[in-house]
Amino acid sequence: MEEKKIKFFEQKNWIKENLSYYKDSGSWAWIYHRISGIALLLYIFMHIWSLSPLTSGKEAFEHKMAMYSTPVFSVIEWLLFAIVLFHSLNGIRIVLVDWADGARYHKKLYKLTWIVGIVLFLAMGFVMFSHEIFKLFR
Amino acid sequence: MKFSNYSDKHMYKYKASKETGAKSWVFQRITGLALVVFMIGHYILMHYQPESGKTYEAVLYRMQFSWYRIIDLTFVTLGIYHGFNGLWGIFRDYDMKPWLKITIISIILIAGLAFLVWGYNIIFSIPYIN
């Protein structure tokens, strides 16, 4: 009997291997979860850094916050919410896969992640920008 | 349809799985779920009104309640633990020489603790006004 050639993952060419590897919804979820996770860790750093003027009182803090109150920054905050949302919803999906037999329905959960995510993203957009929208008509 | 012949009871019999990060795996899920709950509160608080997150008065007012400080400290702790444990989880996917492992763990631990101290310091620096 002929030996079957098994292709192992070559760690040295990990970029090429990752790109050529066949990806279904679970792989994409894994990739997005990882990227969003790293992004959120970087964001925690920025978040603590941006709140650090609280140690030097009102003026220092509000000077810094003025920068974050611009519309451009609000849009960035909104996009940050997209990352938080994906990581949260996919995180719930992972817990269900691990603890609630979710391996049987993980593809449905992945679709649900996107549907719920997009709905909540748009809802948050309304909550965040309704103030801005109302300001325009005042 | 059965996917595996091993029951959960069997899986736990393997000593190796207990000692190669199973605890941090469980903690990652528990802290993750807790963070979802905290995050919902955080977003409602910070974005329902645009002022609540960005004025000093609002922050100062919230910080007068010790229970709020405790929630904040828990949130910071869980977030940083989850973040750095997740980062270590990424590294753990790759084959590393022991010295590299130890170096990366050390950097992650020191950075994580520094973050925690930094975050705590900010919360504790906000005064109580009577």
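## A helix crossing in chain A

H2(A) passes H4(A) in a left-handed crossing, a term for a near helix turned anticlockwise from the far one by less than a right angle, with clockwise being right-handed. The model is predicted, with pLDDT of at least 70 needed for local features and 80 or more for side-chain atom pairs, while totals for chains, interfaces and linings use all residues. Residues are numbered from 1 along each chain as its sequence is written, and chains are lettered from A and ligands numbered from 1 in the order in which they are written. Helices (H or I, at least four residues) and strands (E, at least two) are DSSP runs numbered from the N terminus.

H2 covers residues 25-51 of chain A and H4 covers residues 71-99 of chain A; their axes come within 9 Å and cross at roughly 130 degrees. This makes H2(A) oblique to H4(A). Axes are lines fitted to C-alpha atoms, for helices over the stretch in contact, and angles run from 0 to 180 degrees between N-to-C directions. Angles under 35 degrees count as roughly parallel, over 145 as roughly antiparallel, 65 to 115 as roughly perpendicular and the rest as oblique.

Residues of H2(A) in the contact include A:Ala29, A:Tyr32, A:Leu40 and A:Tyr43, and those of H4(A) include A:Leu80, A:Val84, A:Phe86 and A:Arg93. Two residues are in contact if their C-beta atoms, placed from the backbone, lie within 7 Å. By class, this contact has 9 nonpolar, 5 polar and 1 charged residues. Ala, Val, Leu, Ile, Met, Phe, Trp, Tyr, Cys and Pro count as nonpolar, Asp, Glu, Lys and Arg as charged, and the others, Gly among them, as polar.

## The nonpolar core

The largest nonpolar core has 6 residues: A:Leu40, A:Phe81, A:Val84, A:Leu85, A:Phe86 and A:Leu89. H4(A) gives the largest share, 5 residues. Such a core is a set of buried Ala, Val, Leu, Ile, Met, Phe, Trp, Tyr and Cys residues joined through C-beta atoms within 7 Å. A residue is buried if 20 or more other C-beta atoms lie within 10 Å of its own, exposed if 12 or fewer, and partly exposed in between.

Apart from neighbours within four places in sequence, A:Val84 is in contact with A:Leu40 and B:Met39.

## A glycine in a loop

A:Gly102 lies in the loop between H4 and helix H5 (106-136) of chain A. With 16 other C-beta atoms within 10 Å, A:Gly102 is partly exposed. Not counting residues up to four places away in sequence, A:Gly102 touches A:Arg93, A:Leu96, A:Val97 and A:Leu109.

## Chain B

Chain B has 7 helices and 0 strands. Buried residues make up 10% of its 130 residues.

The axes of H6(B) and H7(B) come within 10 Å and cross at roughly 165 degrees, which makes H6(B) roughly antiparallel to H7(B). Their crossing is right-handed. Among the residues in contact are B:Leu73, B:Ile80 and B:Phe84 of H6(B) and B:Ile108, B:Gly112 and B:Phe115 of H7(B). By class, the contact has 15 nonpolar, 3 polar and 2 charged residues.

## Where the chains meet

27 residues of chain B are in contact with 27 residues of chain A. On the chain B side, the elements giving two or more residues are helix H3 (22-47), helix H5 (56-62), helix H6 (66-92) and helix H7 (98-125). This side has 15 nonpolar, 9 polar and 3 charged residues.
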